[in-house]
Amino acid sequence: MAIIRIEGLSFKYNGAQEFALSNVDLEIERGGFVVVCGESGCGKSTLLKLLKKQLAPKGERPGKILYDGVEIQSLDERTAACDIGFVMQNPENQIVTDKVWHELAFGLESLGEGSGAIRRKVAEISGYFGINDWYRKRTDELSGGQKQLLNLASVMVMQPKVLILDEPTSQLDPIAASEFIATLKKLNSELGLTIILAEHRLEEVFPIADKVVVMNKAGVLLYDEPKKIGGLLREADPEHKMQFGLPTAVRVFKDLGGVDGGGKGECPLTVRDGREYLERNFTNGIKSLDGLNAAGKPPNNSRDAAGDSKTIPKNDAGREYAVEIGEAFFRYERSLPDVLDGLSLDIYDNEFLCILGANGAGKTTLLNVIGGVNRLYRGRLRIYGKKIKEYLGVSLYRHNVAYLPQNPQILFIKSDVEDDLKEVAKLLKLSKEETESKINAVCAELNIAHLLKKHPYDLSGGEQQKAALAKLLLLEPRLILLDEPTKGIDAYSKRVLAGILAGLKKNGKTVVTVTHDVEFAAEYADRCAMFFDGKIVSLDTPERFFSENNYYTTSASRMSRGFYDRAVTAAQIVELCRANRGA
């Protein structure tokens, strides 16, 4: 029986010209686990917010949304607040109190529950979610994973019947994200909770979902079981952008034509299923990409998104450094522990380096130090051979270093993108002709000319990233620092971003990215570094870096490990399978 029924739903924001949703029909069964996916800006968040009365945006809304047969907007306030829970993308935006225990009790207090009932329910939920050890902590002391778990617990203490989550793992490291998703699976299977989850990271949610919704711009393209989605998507649109976002096992199966080459057979969803699929259908006489060379079959998949060969130097002797950090120490206050604790790192000129590590490890602090926002209290730091203190005034940010923070919105100060770009040109004291020329050039490079007249806050996550990057590129930096640039954007938009970064690298730029996105790093980075305990503890090419990690690695590496060597992307697995099929 359907707990939520959506009939002919369309929605247009106040003042907007186009509908954000158009003629959506869905039925969500009681106790189901439904994953909603689609490219950035397709309407996922709008759809989810319309299911929660208190969060529903203002605008024109023909059609029906029924909860247990009752129109959502007609639900009484208590039912709407308690029965339908909502967890947002950014953990910071949902926490309203300063202590963990108070956050857990806040919703119950707002409903007028008695103190005895509140104590009992909070104690029970703390035990269920394993919060006891940090129950009395301040909320601002929690890691990103703990904050998101607290948000989930604070919703679940209200005993909802439906739980809606809008990209809840987008700001979590891979380990914290896996733990969070495992908790959702437990809630669904043990409590029979109906879960509706919007996600871009599909590797771990596909296998546990009952149904998957694939959204096109403003509408629903597909709604079916996860194992059928890959084939149905290929039939509906072989070039659809969501092809890039499917789980590794699904993409490998699809690209290799299934079991018999005709697309038939049971589609694998998990790493284990994918591994069994490889072992049943392929040999491993050629075990690695290096083996392809030895067999006279040069690998053709080691390419960046711009289509040019990605050269990983075998010998780095004589290469110039963009950044040199040695025995670096930094802490925010004298009484606090060091965030950087004897860190050493050399970054080559004209490379793309990805820095990975757990939430709260200090990766952003490292970017702030390189970008001159924070200063070391001990150690050495050179940017292009010069001590950072030798860059006087704002000279560090003129043609040298540019920094895109995790939240690109903080860079926008005007009411449309074009005025924001003109503001940068004004700082550089460019003439009207120079301003127009440079803005046109950067807009062409990033393909954002159509965004110039839009308010930055009205853009999708991927569009905001590109608009913010445009501001930085007007400064003509040599070194570009990016903090979580793939957060909240779909797989195709990541591919587009990678193409942009490849173009920057081709023009001599150095790109340093802090990211939780192991798949993105494996696909596009020249080198990957692991940040842990205030230091860089591992630094190597993606193939070596991820193949030597057991937990902090890609699904492709887990799926092919021991069968193929150092295959850390779906494309590498596919290439080795094809080579072995023809061997």
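**Entry 1: ground rules.** I note that this is a predicted model, in which local features need pLDDT of at least 70 and side-chain atom pairs count only at pLDDT 80 or more, while totals for chains, interfaces and linings use all residues. Residues are numbered from 1 along each chain as its sequence is written, and side-chain values use heavy atoms, with hydrogens and water left out.

**Entry 2: overall form.** I counted 19 helices and 21 strands in the protein; helices (H or I, at least four residues) and strands (E, at least two) are DSSP runs, numbered from the N terminus. The C-alpha trace spans about 70 × 60 × 55 Å along its principal axes. For 583 residues a compact globule would have a radius of gyration near 25 Å, and the protein agrees with this at 25 Å; the radius is taken over C-alpha atoms, and the globule rule is 2.2 Å times the number of residues to the power 0.38. Of the 583 residues, 52% count as buried. Among contacts (heavy atoms within 4.5 Å) with a separation of 6 or more, 68% come from residues 24 or more positions apart.

Entry 3: I returned to asparagine 350, which sits in the loop between strand S13 (340-348) and strand S14 (352-356), and whose phi is near 65°, a positive value in a residue other than glycine. Most residues other than glycine have a negative phi. I then looked at glycine 508, in the loop between helix H15 (491-506) and strand S19 (510-514), which is in contact with Asp349 and Asn350 when its neighbours within four places in sequence are left aside. Glycine 508 counts as partly exposed, at 34% relative accessibility. I also found a positive phi, near 55°, at arginine 566, which is placed in the loop between helix H18 (555-560) and helix H19 (570-581).

**Entry 4: the open sheet.** I traced an open sheet of six strands in the order S17-S18-S19-S14-S20-S21, with mixed pairing, where two strands pair if DSSP finds at least two bridges between them. Strand S17 (401-404) and S21 stand at the edges with a single partner strand each, so one side of each is left without a neighbour in the sheet. From one strand to the next the twist averages 20°; axes are lines fitted to C-alpha atoms, for helices over the stretch in contact, and angles run from 0 to 180 degrees between N-to-C directions. S14 and strand S20 (residues 527-532) pair in the parallel sense over four bridges, and I noted isoleucine 355 opposite alanine 529 in S20. Helix H14 (residues 461-473) lies across S17 and strand S18 (479-483), running at about 165° to S17.

**Entry 5: charged pairs.** My search of the whole structure gave 29 salt bridges, each a side-chain nitrogen of Lys or Arg within 4 Å of a carboxyl oxygen of Asp or Glu. One of them joins aspartate 341 and lysine 535 (3.9 Å, N to O). Aspartate 341 lies in strand S13 and lysine 535 in strand S21 (residues 535-540), so the pair ties together parts that are 194 residues apart in sequence. Within helix H9 (residues 271-281), arginine 275 and glutamate 279 lie four residues apart, about one turn of the helix, and their side chains meet in a salt bridge (2.7 Å, N to O). I also recorded arginine 331 with aspartate 338 (3.7 Å, N to O), and a network of salt bridges that links Arg5, Glu7 and Glu27.

**Entry 6: nonpolar cores.** A nonpolar core is a set of buried Ala, Val, Leu, Ile, Met, Phe, Trp, Tyr and Cys residues joined through side-chain atoms within 4.5 Å. The largest has 73 residues, of which Phe129, Leu152, Leu163, Leu184, Val252 and Leu278 touch the most other members. Leaving out residues up to four places away in sequence, leucine 152 touches residues including Val87, Phe129, Leu163 and Phe180. I found a second, separate core of 46 residues, which includes Leu421, Leu504, Val511 and Ala525.

Terms used: Buried means under 20% relative accessible area, exposed over 50%, partly exposed in between (1.4 Å probe, protein chains only).
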